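Biologist: Before we look at anything in detail, could you take me through this model feature by feature, giving the general idea and then the case at hand?

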Amino acid sequence: MARRDFDGWIEAAARRLARRTSRRGFLARVGTTLFGAATLPLLPVARASAQAQAPREPAAPETGDATSCDYWRHCSIDGFLSACCGGSATACPPGTEMSRVTWIGTCRNPVDGRDYLISYNDCCGNSFCGRCFCNRNEGDRPIYLTGKANDINWCMGTSTTAYSSTVALVLGVATES
Ligand code: ABN
């Protein structure tokens with residue numbers, strides 16, 4: 001294609017495009033794109049991934065120190081306390097992933113005297129915690145009863161099986177003893 005033909009072709013294409021688009025239409029499209037980008041984090045997908053780290057708990061009256069082994073939720077824990085490792089009683093330390101398979105215990109809340117089901121989810125990742133080891137074993141059974149033993153690495157189905165620490169999540173009030 002000769003240079004003049006090419007120039008003509010480009011010019012014609014530019015004129016066609018200019019006829020079909022207006023400045024207002026262009027601004028409207030830019031606005032729509034910006035608005036879409038700004039609202040993306042509000043979509044349920046983003047909320048679901050955030051929830052994997054800090055699930056919403058049912059209300060339970062609170063007392064005590066989550067970095068202490070004596071904290072009421074820790075009555076059946078076996079592991080390092082997430083709250084001593086950059087996390088909290090309900091959130092894993094940054095950079096770790098919460099296990100979905102867990103050990104469940106029943107602990108009495110000293111504020112209301114009720115028993116609560118507590119889920120001990122392990123936090124999985126390469127940042128081994130090593131602080132605040134806590135080994136209270138209420139309701140624990142020998143390891144050959146796997147489903148009733150707390151001496152197990154629950155980092156299964158996670159992107160790594162490396163154990164870091166453990167959280168203690170309230171699941172609800174225990175209705176049977
Ligand atoms: N669930 C805590 C744990 C992790 C590794 C080994 C034993 C216990």
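Modeller: Let us begin with the ligand: one of its nitrogen atoms is 2.8 Å from an N or O atom in the side chain of D122. This is a predicted model, in which local features need pLDDT of at least 70 and side-chain atom pairs count only at pLDDT 80 or more, while totals for chains, interfaces and linings use all residues. Residues are numbered from 1 along each chain as its sequence is written, and side-chain values use heavy atoms, with hydrogens and water left out.

Biologist: Which backbone atom lies 2.7 Å from a nitrogen atom of the ligand?

Modeller: That is a backbone N or O atom of I152.

Biologist: Which residues surround the ligand, and how should I read such a shell?

Modeller: A residue is counted as near a molecule if one of its heavy atoms lies within 4 Å of it. Here the ligand is surrounded by D78, D122, N150, D151, I152, N153, W154 and Y163. Taken alone, the ligand exposes 250 Å², and the protein buries 79% of that, with areas from the Shrake-Rupley method and a 1.4 Å probe, where for residues only the protein chains shown count as cover.

Biologist: How are aromatic pairs described?

Modeller: A pair of rings is described by the distance of the centres and the angle of the planes. Rings of Phe, Tyr and Trp (its six-membered ring) pair if their centres lie within 6.5 Å; planes under 30 degrees apart are stacked, over 60 edge-to-face, and the rest tilted. A search of the whole structure finds five aromatic pairs, and F80, F128, F133 and Y163 form one aromatic cluster; Y163 is also among the residues around the ligand.

Biologist: Is T102 buried or exposed?

Modeller: Buried means under 20% relative accessible area, exposed over 50%, and partly exposed in between (1.4 Å probe, protein chains only). T102 has a relative accessible area of 19%, so T102 is buried. T102 sits in the loop between β2 (97–98) and β3 (103–108), where strands (E, at least two residues) and helices (H or I, at least four) are DSSP runs numbered from the N terminus.

Biologist: What is T102 in contact with?

Modeller: With contact meaning heavy atoms within 4.5 Å, and leaving aside neighbours within four places in sequence, T102 touches S119, Y120, N121 and W154.

Biologist: And what is the pattern along the sequence?

Modeller: The protein has three helices and six strands, following the pattern α-α-α-β-β-β-β-β-β, and buried residues make up 32% of its 177 residues.

How values were computed. Polar contact = N/O pair within 3.5 Å; in protein donor to acceptor, adjacent residues only side chain to side chain.
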